[in-house]
Amino acid sequence: MPIRMLSPEVASQIAAGEVIERPASVVKELLENSLDAGANTIAIHVEEAGKKRIEIADDGAGIPADELELAASRHATSKLVRSDELFSIMTLGFRGEALASIGSVSRMTITSRVGDEKEGARFMVEGGKSKKPTKVGATVGTVICVEDLFYNVPARLKFLKTDTTERRAIDTLVARYALAYPAKRFKLTDGKNVVLQTAGDGDRRAILAALYGVDVAKQMLEVHSMEEGMTLAGFISPTSLTRSNRKEITFFINGRWVHEVALSTALMQAYHTLLMVGRYPLAALFLEIKPEDVDVNVHPAKAEVRFRNQDKVFSFVQRSARKALLAYSPVPNVAPSLWGGRSVSVESNSVGLDWTIGHDNQVNSDQLSVNSGDLMLRQAQHGGPETDAQSPTSNLHSPNSQAQSSSFARIPLLRLIGQIGAAYLVAEGPDGLYLIDQHAAHERVLFEKLMAQREMKSIASQALLTPVAVTLPPQSTQLLMSQLPVLKYFGFDVEEFGPNTFQIRAMPVLFSGSDPSAALRALVEDFEEDEAPLKDEVEKKLAARVCKRMAVRAGMSLSNEEQRALLADLETCDSPRTCPHGRPTMIHLSVDVLERQFGRRGAR
Ligand code: ADP
Ligand code: MG
């Protein structure tokens with residue numbers, strides 16, 4: 001075939017394919033135009049999941065009659081003149097492609113009027129072919145109606161999902177924009193129902209409630225952080241509220257909805273060790289950043305961006321979310337089903353004075369008699385204060401400060417009652433009974449100590465009196481070789497020692513006393529399961545795994561002192577309520593629950 005120029009129609013349909021993929025993309029572009037036009041009220045109407053009709057009416061600035069035709073041409077925009085302005089762009093649009101694209105794959109009608117004209121004008125485009133604008137009566141603002149989307153590109157129509165899916169995409173999109181612009185009024189209707197309506201009073205939590213229901217909205221934690229030209233605002237879910245996928249994680253950057261995997265990853269890292277594997281938080285986060293620090297022109301639908309300094313943004317998001325999370329993290333309640341199906345509310349911060357005083361004394365004397373810093377089981381390890389990153393004195397809160405913090409991340413001081421089933425510790429707290437999983441709790445304690453030492457770049461390593469040789473299968477050898485620096489960093493000194501044989505010369509003090517070769521084999525197994533994750537993740541994951549291997553198992557009976565030391569250590573943890581893999585370390589039965597269960601109070 002000879003080379004020919006594409007006809008303008010075909011060329012524009014191809015170009016449209018990049019911007020307009022599905023009905024929701026039409027809604028997105030039109031919404032963004034209305035917001036750019038300074039609208040305060042935006043009404044969206046969809047029929048048949050937007051395939052039949054999408055209409056968006058706004059009270060924005062409007063388009064002058066003599067510019068209507070131009071507005072719908074490709075590369076026509078009122079928002080950008082020079083290319084360097086791209087780095088100071090304050091509007092959502094700038095490519096001048098949306099109206100042209102939509103017009104080439106639908107029947108589009110634009111009706112608009114600007115404030116200083118008496119009449120409005122109407123302009124129609126059908127499959128890229130336009131008619132001359134006509135004068136019509138209209139209120140100030142713009143109404144854009146898109147009918148029979150993709151009527152002239154049947155191949156596109158075939159790619160659309162079911163009406164339910166396409167409709168959900170539109171609903172989600174409008175809800176997210178409503179949340180991002182709480183001061184604007186949004187209304188979404190579908191011919192039968194008002195799907196969403198917001199008041200425009202700036203109250204984001206009310207919009208959350210419309211989205212997720214009042215219960216969820218109440219639980220969402222507020223994020224608000226500011227740092228060197230960046231602010232992050234919005235909501236994230238507490239660790240008790242999760243989904244099985246990332247779909248409820250939304251980011252807006254400078255008012256624009258983006259799909260930035262890096263940002264979700266940063267958020268997920270804030271939840272690291274707090275969520276079960278395969279669970280994801282809900283989040284709606286709004287990042288404001290200087291326009292010159294972000295490149296918005298890397299994706300036709302502007303759904304992706306590039307940061308000038310991605311690490312800085314990434315770490316800001318992670319720290320902000322972590323801060324919000326740690327400020328609040330309740331003990332898992334006893335599942336009501338476990339206790340006869342009554343609803344159970346566990347909420348009590350009141351500290352009985354007698355109890356607290358008695359308890360405080362007890363903790364003091366415990367610390368005199370037990371080297372609580374290191375729960376090194378199976379080994380009488382005394383001394384070695386350098387391993388104790390968290391000083392035991394941090395246990396000695398005044399009763400007051402303890403009472404205040406009890407509803408936050410930390411756990412109250414606990415009085416040990418004993419061990420049951422060689423697996424659980426039973427303890428009393430100011431607000432009831434605690435059952436503690438010794439393995440999960442010890443994992444948490446080891447993990448936090450190790451991470452604290454890592455933070456201070458001083459993971460204490462202890463030389464073995466006699467180095468231990470370990471022989472591994474050949475395929476594991478390569479793997480281990482590549483991971484030696486990481487191991488070293490964590491306090492394992494391992495050297496190649498002949499074919500497929502390694503010699504362990506030192507291991508972290510924190511783990512001394514456990515079998516070095518078992519530890520190394522366990523680590524290699526773990527490496528083998530992994531596909532190359534991020535470096536930071538490797539370290540945390542590795543730390544979590546090492547701790548899991550080294551923690552006391554269920555089935556080990558612990559001495560009284562070991563039990564006390566474990567409790568005391570857990571009390572000093574930053575996130576004592578979950579193990580590094582996200583499972584709970586404890587179950588709490590409040591006084592209230594006990595009283596109800598014994599029929600002393602409330603439900604009969
Ligand atoms: P872009 O938004 O990238 O400029 P569009 O094709 O979306 O390109 O829109 C072209 C132009 O039409 C805009 O620059 C704007 O001037 C005008 N326009 C589009 N929609 C509206 C609206 N709802 N209100 C006022 N002006 C609009
Ligand atoms: Mg636009």
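## A residue on the outside

Let's start at the surface: L6 is exposed, with a relative accessible area of 53%. The label "exposed" applies because the cut-off for that word is over 50%. Keep in mind as you look around that this is a predicted model.

Now turn to the ligand. There are 19 residues around ligand 1, and those that come nearest are N33, T77, S78, K79 and G96. Sorted by class, this shell holds 8 polar, 7 nonpolar and 4 charged residues.

## Polar contacts and cover

T77 places a polar side-chain atom 2.6 Å from an oxygen atom of ligand 1. With F94, the backbone takes part: one of its polar backbone atoms is 3.0 Å from an oxygen atom of the ligand.

How much of ligand 1 does the protein bury? On its own, ligand 1 exposes 530 Å², and 93% of that is buried by the protein. As for the elements around the ligand, α2 (23-36) and α4 (98-104) are the ones that give two or more residues to the shell.

Conventions
Residues numbered from 1 in each chain as written. Chains lettered and ligands numbered in written order. Predicted model: local features only at pLDDT ≥ 70, side-chain atom pairs only at ≥ 80, totals over all residues. Heavy atoms only, no water. Near = heavy atom within 4 Å. Polar contact = N/O pair within 3.5 Å; in protein donor to acceptor, adjacent residues only side chain to side chain. Areas by Shrake-Rupley, 256 points an atom, 1.4 Å probe, with all protein chains shown as cover. Helix = DSSP H or I, 4+ residues; strand = E, 2+ residues; numbered from the N terminus. Nonpolar A, V, L, I, M, F, W, Y, C, P; charged D, E, K, R; others polar. Buried < 20%, exposed > 50% of the residue type's maximum accessible area, 1.4 Å probe, protein only.
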